[in-house]
Amino acid sequence: MKTFPKQLSIGQRLRLYWQLLLRAIVHLWVRSKVLPDPVVDAGLKLDIPTCYILDSYSLSSLLILDKACEKHGLSRPLFPMENGQRVGSRSWAALRQLKGLLLRRYTNRRSSDMLKMLTQYALENPEFEAQLVPVTVLIGRAPDKEDSITKLMFSESWEIASRLRRLFSTLINGRDTFVYYGTPISLRSLVDEKADAGIAVRKISRLARTRIRKTREAAIGPDLSHRRTLLNKVLDSERVKAAITIKAKKAKISPEKARAIAEKNIREIAANYSYSMVKIGSLILTWFWNKLYKGVELRHFKEFEKIAHDKEIIYVPCHRSHIDYLLMSYLLYHHGHVPPHIAAGVNLNMPGVGQFLRRGGAFYMRRSFRTNPLYAAVFDEYLSLILSQGVSIEYFIEGTRSRTGRLLPPKAGMLQMTVKAYMRVPTKPIVFQPVYIGYEQLVEGKSYISELSGKEKKSESLLDFFGLFKVLRRNYGKAHVNFGEPIFLDDLLEKAAPGWRKENSEEKPKWLNPLIDELATTIMTNINRTADVNPINLLAICLLASTKHTLAEDQLEELLALYLSTLKGAPLSSRVTITELSPVEIIGYGIELGVIEKREHTLGDIITVTENAGVLLTYFRNNVSHLFVLPSFIASCFLMQSQISRSRLQALFHTIYPYLRSELFLPWDRATADQTLLDNIEVLKTLNLITGTDTLKRAKGGSETAASLNLMGRGLLQTFQRYFITIAVLVKNGSGVLSRAELEKLCTLTAQRISMLHEFDAPEFYDKTLFRQFIGNLTKADVLRRDNEGKLIFDEVLKSVTNDAKLFMSKELRHGIIQIASEKISSSKAEKA
């Protein structure tokens, strides 16, 4: 125990004895966790006098802080500051003071007496230096221990707590206490900067108050207790008032009625965030995850935490399932961050459920509101206001859940509104945080199969939520969440328009659309760069390449080992994570989840995909197909031939890479892609799958390595077939005959027919989104153009693609596609189709 300073008076010594006795009593129950490490991370110095700054005086907080300081070998707040001689009788200051026995409220005191005394002392003693450390003590913040409604009722919030409530909070939640140390403020530098003590004290108070508030916001969320005020601010903004006036004139209604419409819109949109609801939701989800998953793995989160401080975070995950936003909010909350406000489709605003999600941070938006300027103005203003308040936001730029497992082309609407809102009021720097979410089994698996097979998408209903209890009977494996490389909006803005801060924020600059496109593509690319490869992904990649989704067990083990080696030999990114299971363990895990089954045979056991699992496995294959695109491309060049020159292979790669890059959101530019291709060639040579230098050769047919290379090459076969279908339909109909919409329709029908004739068990083969994307890429590359009537025109270059197709597809398959390729059909047949 620290020795008592001799300079203390008898009264001060007695008070210190009393405080230490109370501290001992409090810590019979209280257990605190310190964040961050005060010396290593926060930067406290052990050889400088320290004064700890609290937001408001609370005896329990002071006692908890003193114990935490003692535990970490720091100066103690209950003891005087010392610098050769005693400076005051304590080492803490409170920015605000509360009064009232039952109803507590803040006093009108302008500044802390302790800070005044320290500042004056520093002015009179130029050699004196002290570090001022903002500190936040939160009782009941640790969400992993919140296992009862009672604990939730007495956990931290923004409301002023009475002495009785604080007592109950300490008794009930004392073991779930956090002590947050802020970055120290140099007293000497501020005093030297401000020669006047009063000015220096005010600046110290302002800096400390800001840091404490930011810490509190990061821990329990921003203060959103005045929702009505926020809604009124939206309605009273100049843009919304202007939109109300226009609405009244166009609809020939009174301004009051137009305002009532705007008010209805904002009430439909706005979240009604409730800390209690978030905490109750945490309890429910803890139970739910334990029933549903064998675990949730979170990676690269520490890297995110290093950049998150003092930033406005926009979380932009991929969208696989309705589970996504629940999982994101849960993980952030359980790692000490406030759950974000989430942009949700208005289809989820159902009776009961909608209000629950709204109080958990959901704000609702309609699918499209281009034709509704009043709604657009209200939504835009609401988004701007919550951004300016420092509220973290989450939205899915794909617009909807992916039914194929691939990332969907991004939609720019929310990104553009976010960027424009920041340009109007650039407060906190905005960081877009891409997040990869992967599953080993999908809760919505059956509905995805139905939709891919052509059935109409089923609208969400309350019955779907009651159906959740059915899914709890299955084993869904693990969920995997990887945080990707963040994107700093300021950097993009400075690159696009160095003087953007001086431009008129109400006008749309010419450079904005290209910036949004670059931002959207970078987000999707960074999601793919942080993918997780789980056992089900690998089983899907291997087994779906075989004709009947069946392989000998030893062959499957060898193929799994080859894929793992290619991933590690030429990784797409350092953030990609790979299962630690061995090939044998991967097969056992797949059998355990019911994805595959083993059939015993005298000559060797067979592994096959279980009944009805084949279609869904394409989803998990597509989650990670971008990671294997280069080895699969190299291997595909040997599907129809035993050797190929390196120069020919590279020329083919240059032709096809722009389309693969756009479809799969690959990270490499032309030069980097060339080098990465060469790296992958070397990896395949190391694995003895190919040999040679100028001329590359595969192993002799019939060997195990040739079989493995063939299976690896089949990974891109359906992609090449879709490309060939598009070109075959165009050539068969001729230049200037089809519109883009007609081409998309005919390609989808052709692929559907081929799938039925050849028994492709993969509805995503004829997914219209993939055809639309490829046709768009052909247009961007100026391979396709439009004439004055909107018909697609092309030249002879397109026909030459047939020669390249010979390398990847058999003559039978190529001729079959050309034969089936649909010609333009009449409108009556199109409607029937």
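This is a predicted model: local features need pLDDT of at least 70, side-chain atom pairs count only at pLDDT 80 or more; totals for chains, interfaces and linings use all residues.
Visitor: Where do Tyr375 and Phe379 sit in helix 15?
Guide: Helices (H or I, at least four residues) and strands (E, at least two) are DSSP runs, numbered from the N terminus. Helix 15 covers residues 373-388. Tyr375 and Phe379 are 4 residues apart in it, so about one helical turn separates them.

Visitor: Is Tyr375 buried or exposed?
Guide: Buried means under 20% relative accessible area, exposed over 50%, and partly exposed in between (1.4 Å probe, protein chains only). Tyr375 has 0% relative accessibility, so it counts as buried. Phe379 is buried too, with a relative accessible area of 0%.

Visitor: Which residues do ring pairs link into a cluster?
Guide: Phe288, Trp289, Tyr293, Tyr330 and Tyr439.

Visitor: Which residue lies over the face of Trp92?
Guide: A charge sits over a ring if NZ of Lys or CZ of Arg is within 6 Å of the ring centre and within 35 degrees of the ring normal. Arg90 lies over the face of Trp92, 4.0 Å from the ring centre. Arg175 lies over the face of Trp29, at 4.2 Å from the ring centre.

Visitor: How many salt bridges are there?
Guide: Side chains of opposite charge can pair when their charged atoms come close. The cut-off: a side-chain nitrogen of Lys or Arg within 4 Å of a carboxyl oxygen of Asp or Glu. The count comes to 31 salt bridges. In one of them, Asp380 pairs with Arg424, with the closest N and O atoms 3.5 Å apart. Asp380 lies in helix 15 and Arg424 in helix 16 (residues 413-424), so the bridge ties together parts 44 residues apart in sequence. Both Asp380 and Arg424 are buried.

Visitor: What does Arg670 pair with?
Guide: Asp674, in a salt bridge of 3.9 Å, N to O. They are 4 residues apart in helix 28 (residues 670-686), so about one helical turn separates them. Arg670 is exposed, at 51% relative accessible area, whereas Asp674 is buried at 19%. Elsewhere, salt bridges that share partners join Arg23, Asp66, Glu70 and Arg76 into one network.

Visitor: What is the distance for Glu597 and Arg599?
Guide: Their closest N and O atoms are 3.2 Å apart, in a salt bridge. Glu597 is partly exposed at 31%, and Arg599 is partly exposed at 47%.

Visitor: What does the side chain of Thr608 contact?
Guide: A polar contact is a pair of N or O atoms within 3.5 Å; within protein, one must be able to donate a hydrogen and the other to accept it, and residues adjacent in sequence count only if both atoms are side-chain atoms. The side chain of Thr608 makes such a contact with that of Thr550, at 2.9 Å. Thr608 is in strand 23 (residues 606-609) and is buried, at 5%.

Conventions: Residues are numbered from 1 along each chain as its sequence is written. Side-chain values use heavy atoms; hydrogens and water are left out. Rings of Phe, Tyr and Trp (its six-membered ring) pair if their centres lie within 6.5 Å; planes under 30 degrees apart count as stacked, over 60 as edge-to-face and the rest as tilted.
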